[in-house]
Protein chains: 4
Amino acid sequence: MSVLKPFLSDNAAAVHPRVWEAMRRADEPDAPYDGDALSQALDARFTALFGRECAALWVATGTAANCLALGTMVQPHGAVVCHREAHIEVDEGGAPGFFLHGAKLMLAEGEGAKLTPEGIAALVDPIRNDVHQVQPHAIAITQASEYGRSYRPAELAALADFARARRLGLHMDGARFANAAAFLGGSPEDAARAASGPVDSLAFGFIKNGGLGAEAVVLFDPEAAAQVRYRRKRAGHLQCKGRYLAAQILALLEDGLWLANAAHANAAAREVAAGCADRLLHPVEANELFVRLTVPERAALRAQDFAFYDWGAESARFVTAWNTRLEDAVALGKAIAAL
Amino acid sequence: MSVLKPFLSDNAAAVHPRVWEAMRRADEPDAPYDGDALSQALDARFTALFGRECAALWVATGTAANCLALGTMVQPHGAVVCHREAHIEVDEGGAPGFFLHGAKLMLAEGEGAKLTPEGIAALVDPIRNDVHQVQPHAIAITQASEYGRSYRPAELAALADFARARRLGLHMDGARFANAAAFLGGSPEDAARAASGPVDSLAFGFIKNGGLGAEAVVLFDPEAAAQVRYRRKRAGHLQCKGRYLAAQILALLEDGLWLANAAHANAAAREVAAGCADRLLHPVEANELFVRLTVPERAALRAQDFAFYDWGAESARFVTAWNTRLEDAVALGKAIAAL
Amino acid sequence: MSVLKPFLSDNAAAVHPRVWEAMRRADEPDAPYDGDALSQALDARFTALFGRECAALWVATGTAANCLALGTMVQPHGAVVCHREAHIEVDEGGAPGFFLHGAKLMLAEGEGAKLTPEGIAALVDPIRNDVHQVQPHAIAITQASEYGRSYRPAELAALADFARARRLGLHMDGARFANAAAFLGGSPEDAARAASGPVDSLAFGFIKNGGLGAEAVVLFDPEAAAQVRYRRKRAGHLQCKGRYLAAQILALLEDGLWLANAAHANAAAREVAAGCADRLLHPVEANELFVRLTVPERAALRAQDFAFYDWGAESARFVTAWNTRLEDAVALGKAIAAL
Amino acid sequence: MSVLKPFLSDNAAAVHPRVWEAMRRADEPDAPYDGDALSQALDARFTALFGRECAALWVATGTAANCLALGTMVQPHGAVVCHREAHIEVDEGGAPGFFLHGAKLMLAEGEGAKLTPEGIAALVDPIRNDVHQVQPHAIAITQASEYGRSYRPAELAALADFARARRLGLHMDGARFANAAAFLGGSPEDAARAASGPVDSLAFGFIKNGGLGAEAVVLFDPEAAAQVRYRRKRAGHLQCKGRYLAAQILALLEDGLWLANAAHANAAAREVAAGCADRLLHPVEANELFVRLTVPERAALRAQDFAFYDWGAESARFVTAWNTRLEDAVALGKAIAAL
């Protein structure tokens with residue numbers, strides 16, 4: 001029987017062996033919740049990585065990470081500006097409405113699912129500054145974006161300037177932060193800093209990158225961190241065996257495993273792209289490919305055991321992961337080229 | 001160096017080897033979220049266990065499990081009746097207020113942190129049936145209770161009758177459901193059915209009983225289950241690698257491991273109790289002991305490497321777990337007896 | 001000094017003398033909240049008007065009326081479909097997010113700010129029926145619409161069929177319901193039934209039509225009414241001197257005053273329209289006119305003491321009211337014609 | 001037929017003639033919402049009264065006034081400390097849970113339904129300063145209290161010191177603020193300042209004191225005021241004909257009418273008290289009397305056309321109002337004395 005060559009998503013990929021090992025080591029008794037040594041090590045570990053003071057809290061999902069961070073910036077009567085195709089708008093089941101107590105999402109436009117100061121201004125400038133209209137309180141961007149595009153440091157700086165000028169918070173959904181960082185390149189520290197820029201908070205994704213069930217909410221504002229500690233509990237996200245979550249994150253941070261995993265996934269994506277450059281809907285800047293493919297073409301690929309999602313009527317999405325076999329990626333590129 | 005003999009809590013105990021094995025097996029690729037074969041098997045598995053149709057969804061914490069279930073019974077303008085010392089009132093950081101959109105908790109009295117129809121009636125009968133006063137919509141009980149007491153089937157039936165007569169939902173917080181079931185005895189099916197009685201929903205705890213980070217919300221009303229599926233996502237509790245959570249639960253359900261683990265913890269508790277029957281504040285009906293101990297007595301025990309929490313000024317709480325060494329329990333009982 | 005000829009809005013017009021008289025009569029002692037004879041008369045009065053069983057509760061604003069009604073149809077994890085330019089989306093300060101506990105508004109398109117089954121289907125059909133995407137629970141339409149357009153009975157029937165088929169509630173924001181009813185014509189009963197069609201709930205506006213501070217939430221589902229009674233209190237909208245609100249509503253319902261007032265406003269609008277038919281952006285089907293006017297033209301009108309709002313860069317909005325002097329309306333029509 | 005002598009409550013009393021006159025004068029056209037001259041005058045008017053900078057916004061109910069003010073002090077994950085018998089706990093239909101997005105009420109004890117630093121400390125000191133327990137964010141007191149008791153300036157100062165030391169906000173529910181102020185005595189300015197002390201916010205009640213449907217939220221913190229302006233709209237409490245609400249408040253503030261009305265009600269209460277001093281459950285410090293009366297005694301009074309509420313099984317509550325006839329009060333006192 002043929003073996004599936006999976007390009008459906010990175011979100012259900014296996015757990016990295018070093019993550020398993022770290023979790024097993026956490027079997028040693030320690031304090032519950034986040035009182036254990038591993039959880040207590042996170043703030044310092046992320047502060048070192050980003051080179052500026054921050055707090056880092058584990059949670060089980062990116063949805064929780066994003067919403068807990070946004071809750072520190074957005075009053076219930078305010079709004080978050082995000083891209084029309086942002087995950088928090090399209091695919092999180094209304095979680096922002098829940099965590100933010102009814103605050104709105106305001107949908108801006110931008111090429112490649114990326115926001116720009118101009119795109120945000122076009123959305124928010126017409127809002128009357130009166131109580132009849134909901135006012136924006138924060139901006140949420142996604143790194144890498146929903147179309148696998150990565151913000152460059154200059155773009156992040158411009159967004160941060162804009163946010164500061166408008167007194168808006170700036171949050172980054174980093175479900176695939178590692179892939180953006182790997183794309184920007186450099187040491188783990190360089191890459192992390194380049195990819196995060198001067199954001200106020202970051203949902204640093206590990207699950208799609210070799211983890212099991214731990215993301216980090218990284219908060220560069222200490223008051224925000226204090227609030228999130230309470231709200232994480234209130235949202236049922238303070239797990240009592242938290243050391244197993246901290247262990248996952250620390251294992252991935254160790255020796256830059258997070259960056260190596262992402263670099264591998266990105267490399268696999270580039271292998272695929274090599275075979276279909278003329279069909280790409282978006283430049284490949286992370287580990288996702290959006291490829292123009294007719295219905296018969298997609299059927300032909302699936303007949304060759306490639307697994308992937310349709311993306312609208314005319315194209316498909318391929319996602320690589322930390323454990324994608326490069327030969328599968330090469331094969332996929334060739335198969336598309338041969339269509 | 002001496003080794004700590006831990007009786008602090010079962011909530012940070014190590015993960016059972018069979019749970020680890022099951023999780024590792026889940027490394028095989030499968031669908032994300034709860035589309036995988038393991039997650040899809042839960043409804044049938046719990047239906048067989050309880051002998052009546054139900055849906056079962058994994059979540060990462062008991063707090064989430066309780067609140068998601070209660071949300072199916074309680075409108076935002078209503079209230080949950082619970083014991084004054086219930087975990088949802090005392091130790092969940094206000095989670096019910098969040099998940100239930102501002103619904104109230106109403107605090108009833110009852111011996112051993114258990115509720116009775118009489119105790120609930122004493123609380124709710126004086127409530128005027130008008131819009132100025134918040135009306136109860138549901139009852140939440142804890143099995144085993146916060147004082148390690150177990151509801152008997154007849155008590156559960158009486159509560160269910162009362163709830164039905166008042167048109168109230170009946171939810172069971174089963175953070176230590178397994179310990180209550182083991183106390184009531186019988187086969188896994190017998191014990192599960194005896195311990196749950198005719199409740200409308202159950203937060204079935206696995207984490208304190210050898211799991212890592214998976215509890216089951218068990219819903220005996222199909223409409224409630226449909227709603228919880230949406231609300232789990234909205235609360236950021238739909239993990240994308242859900243198969244690792246389902247694996248934990250299934251491993252513990254297999255061959256009654258959940259019941260054996262709990263029976264072990266209960267046995268350990270009885271060993272302790274054997275040494276301090278005259279000091280017990282509550283009968284030992286699960287895996288918790290509340291023991292009258294002066295400050296010097298507690299110091300003396302700690303000097304012998306017993307780890308535990310103070311419980312008020314005059315007593316201490318000891319909790320056993322699936323992995324408590326019986327010799328430690330025996331030693332503790334003897335140490336208390338020798339005071 | 002010249003006297004202003006006001007066409008800014010009907011929302012701040014004076015209170016009708018018969019409303020004042022009715023309020024003064026309510027000075028007689030009676031029960032607080034809605035226990036008084038006037039408040040208790042509302043259900044029967046509206047049931048007679050609409051010819052089908054309903055409950056009617058006063059509240060102080062249309063925002064509260066809309067949101068309380070929608071709250072009976074929409075779970076916090078669901079959504080309301082409304083027009084992109086609906087008042088609840090644009091001008092109610094995020095009130096639906098508050099009253100619906102974070103439910104979303106989904107924005108459909110439609111000519112004249114009116115919804116159609118086709119327009120709604122275009123919005124909701126692409127929504128995946130899974131927990132990652134928020135599902136619609138209700139439709140909200142505005143009668144007359146934000147552009148002064150009135151739904152015809154056949155249009156309402158089609159929307160109701162669509163709603164029923166999709167299991168969606170159907171709510172009508174009737175801030176200017178009376179103006180739509182007057183446009184459709186007939187006796188008060190005929191007009192009210194034609195303008196409301198088979199909606200599930202209606203926010204029946206009186207304030208813009210001669211009232212002071214009382215709108216009616218009309219609920220054709222008895223269970224919904226029971227819920228709204230509790231939620232009105234919870235939202236701080238149960239006034240203790242409620243008889244003064246009921247008095248306003250009853251005074252306007254008496255002898256069809258509500259319809260006569262609206263007919264007058266509509267007639268005034270038609271007088272204006274007579275002078276600017278070629279400049280109208282929308283047919284005049286109620287008491288609002290949207291008129292193409294350049295900046296200098298608007299300045300010229302204001303120099304003649306006409307007061308009105310700009311509507312974008314190229315046009316103006318004129319609103320007539322129950323107390324608009326017909327001679328002012330005629331004069332405005334002529335002044336525009338003379339530009 | 002005999003005329004009822006009403007002592008049921010002040011909450012449904014007629015509207016004062018000077019309030020009616022002021023409302024009728026507001027028929028003159030002005031800007032909608034709170035853009036009119038009357039609404040715009042409120043901040044200055046209350047600043048002059050209290051002798052310190054404040055903002056004052058009208059709303060239709062005390063429930064809304066209290067909850068909007070508390071929302072500026074209490075995060076959704078926090079709590080309000082109030083008396084066990086406080087109106088916000090007992091009789092507002094769960095409104096704080098709604099407006100505060102699920103924040104808790106924590107119930108302190110205190111004689112006469114008044115709070116003291118000691119009583120609050122007894123409640124909050126045992127709360128562990130960790131994320132598992134909800135933390136208090138504010139204190140709410142009622143002036144006059146639910147038992148008609150008035151806080152003295154020294155008591156208010158002590159509470160404010162306590163609140164500041166614990167970093168808690170201090171809000172005053174002043175549904176019967178005027179009665180407390182009249183009890184404390186002096187000019188309107190003196191009385192208002194004595195009765196409010198150094199609170200952070202005040203729900204200044206006018207409805208029970210001759211108004212129709214307008215209370216003032218008085219905020220001594222400008223940032224809080226900015227937030228309340230948005231949240232008032234979001235809660236559906238920004239009425240478009242707001243000038244009629246401002247007119248009520250300004251009429252009652254003019255020439256100290258508010259204080260004179262309250263002084264009259266208090267005097268009437270003292271007349272009643274003169275006849276039943278030995279039966280009083282609480283000292284009479286405002287316009288409410290709680291009187292020990294057997295069932296037959298109450299029946300005897302009702303047979304003499306006195307209208308009032310039972311207060312538990314053994315007593316009755318009598319409330320006087322701005323328009324209570326002194327002869328009725330004298331008659332009631334005598335009737336009780338004669339029992």
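Axes here are lines fitted to C-alpha atoms, for helices over the stretch in contact, and angles run from 0 to 180 degrees between N-to-C directions. Helices (H or I, at least four residues) are DSSP runs, numbered from the N terminus. The model is predicted, so local features need pLDDT of at least 70 and side-chain atom pairs pLDDT 80 or more, while totals for chains, interfaces and linings use all residues. Residues are numbered from 1 along each chain as its sequence is written, chains are lettered from A in the order in which they are written, and side-chain values use heavy atoms, without hydrogens and water.

**Exercise 1.** Work out how H9(A) and H10(A) are arranged.

*Step 1.* Find H9 (residues 177-184) and H10 (residues 188-196) in chain A; their axes lie 8 Å apart, at an angle of about 110°.
*Step 2.* That angle makes H9(A) roughly perpendicular to H10(A), because 65 to 115 degrees counts as roughly perpendicular.
*Step 3.* Now look at who touches whom, with contact meaning heavy atoms within 4.5 Å. From H9(A) come A:Phe177, A:Ala180, A:Ala181 and A:Leu184; their partners in H10(A) are A:Ala191, A:Ala192, A:Ala194, A:Ala195 and A:Ser196.
*Step 4.* Sort these contact residues: eight are nonpolar, one is polar and none is charged. Here Ala, Val, Leu, Ile, Met, Phe, Trp, Tyr, Cys and Pro count as nonpolar, Asp, Glu, Lys and Arg as charged, and the others, Gly among them, as polar.

**Exercise 2.** Describe the interfaces of chain A with chain B and of chain B with chain D.

*Step 1.* Take buried area as the accessible area (1.4 Å probe) that two parts lose on being put together, summed over both. Chains A and B bury about 3,600 Å², 59% of it from carbon and sulfur atoms; chains B and D bury about 1,100 Å², with 36% on such atoms.
*Step 2.* Count residues: 44 of chain A touch 44 of chain B, while the B and D contact takes 15 from each chain.
*Step 3.* Look for salt bridges (a side-chain nitrogen of Lys or Arg within 4 Å of a carboxyl oxygen of Asp or Glu). The rule finds zero between A and B, but four between B and D. D:Glu89 and B:Lys104 form a salt bridge at 3.0 Å, N to O.

Note on methods:
Helix = DSSP H or I, 4+ residues; strand = E, 2+ residues; numbered from the N terminus. Parallel < 35°, antiparallel > 145°, perpendicular 65-115°, else oblique.
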